[in-house]
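Open your viewer and have the selection panel ready.

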Amino acid sequence: MIGEIDDWRNKKMKTECTKWTDHLLEAALLPTQDYELQRHLAGCEDCAQELESLKARREKMDALLPLVARGGQPAEHFAARVVEAGLAGKRRPQARRRMWDLAWLTAVLALGVAAGLLMNRGRFMRRHEPASGQEVEMAEKLTHWRAPSDALLTFPGPQVLHDSPRLGETYITIPLLKDREE
Amino acid sequence: MGMSQIKNALLGTLRAGTEVEDRDAGFTVRVAENQKRVFQIAYSVLGNAADAEDVAQEAFVRAFQKSALLRDPGKFRAWINRIVFRMALNRLRASRRQLAREDAWQAHRAEDADGERAAENHVMLQRMRTEIANLPERLRCVLLLSLVEEMEPSDVAAALSIPAGTVRSRLHTARKLLLEAMR
């Protein structure tokens with residue numbers, strides 16, 4: 001009978017103690033001034049033991065937790081490998097960019113040379129350039145231009161002179177008889 | 001376009017070349033300064049050195065390639081932390097070999113086991129890692145990052161883009177749940 005009562009008391013205590021679970025965890029993690037908990041612990045050996053157990057586990061946990069992140073170490077030449085990979089990854093775009101820079105500069109130079117030639121074409125290309133319309137018109141006028149003395153060539157005078165009998169000749173054309181006819 | 005402009009363009013190209021060299025040198029220095037922490041962040045998530053190295057290297061290369069996006073070089077530390085953590089999480093989520101990785105991690109830890117106490121620690125560590133994996137992600141992320149050396153709450157906050165106060169409260173909750181689970 002006494003044993004049954006003790007069991008009942010223990011069960012009741014455990015049921016009542018579940019409400020202290022969170023308080024015990026907090027007390028295990030941080031120093032606490034939870035006076036209600038302190039009063040409970042003074043009268044509850046199970047909870048006092050549980051708190052000591054939690055504190056011990058927390059210390060062990062804190063000692064081991066860093067190993068979760070610090071347990072592994074990078075290989076000896078890790079940094080060198082990373083740098084090599086980083087620079088190799090960068091080199092390709094750099095080379096491409098330099099190629100574009102060179103192409104751009106070449107284009108600029110080509111444009112500069114072309115602009116220079118265009119600006120100085122009068123000096124280099126005047127001989128070969130085609131005549132303008134005005135020049136052609138002037139040349140045609142010159143072709144048809146006649147000196148004042150040339151007017152005599154079209155005037156009937158020269159023809160008159162040409163047709164006029166020479167000295168000792170007559171205006172009347174008299175056909176000359178050939179010797180046989182005479 | 002005059003000769004002066006062409007000259008300027010050539011000088012610009014040469015200057016750009018110098019900048020590239022400076023950036024390359026800067027990258028080498030940054031890898032040296034951050035490699036340990038970056039590796040640990042990846043390791044804390046993935047649990048084995050080989051995968052952690054892969055992800056850490058990938059994170060550095062990506063950071064280097066995108067370095068032009070980083071306006072403030074002083075924020076490189078927070079930036080690379082965030083990159084490697086995200087990449088490690090993505091790798092973990094994408095991987096269907098998580099169990100195998102756990103085994104690999106356990107095997108790695110077993111190499112350090114020496115004596116009864118070490119074996120006990122090893123078992124507890126295994127169990128702890130399993131319980132951490134079961135934590136809600138928002139708590140797990142904070143806990144894992146907080147375990148990395150040189151990671152202050154402000155660093156964790158920057159990596160996860162949450163306030164430092166939230167980091168502290170989540171860390172406390174994570175530790176409490178873990179302690180409860182480890183009973």
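Here is a short tour, one selection at a time.

Before you start, note that this is a predicted model, in which local features need pLDDT of at least 70, side-chain atom pairs count only at pLDDT 80 or more, and totals for chains, interfaces and linings use all residues. Residues are numbered from 1 along each chain as its sequence is written, while chains are lettered from A and ligands numbered from 1 in the order in which they are written.

**Confidence.** The model scores ipTM 0.70 and pTM 0.59. Helices here are DSSP runs (H or I, at least four residues), numbered from the N terminus.

**Where the chains meet.** Contact means C-beta atoms, placed from the backbone, within 7 Å. By that rule, 37 residues of chain A touch 44 of chain B. On the chain A side, H2 (21-29), H4 (45-70) and H5 (78-119) each supply at least two residues; H5(A) gives the largest share, 17 residues.

**A helix pair.** Now show H2(A) and H4(A): their axes (lines fitted to C-alpha atoms over the stretch in contact, with angles from 0 to 180 degrees between N-to-C directions) come within 9 Å and cross at roughly 45°. Among the residues that meet are A:Leu24 and A:Leu25 in H2(A), and A:Leu51 and A:Leu54 in H4(A).

Conventions:
Two residues are in contact if their C-beta atoms, placed from the backbone, lie within 7 Å.
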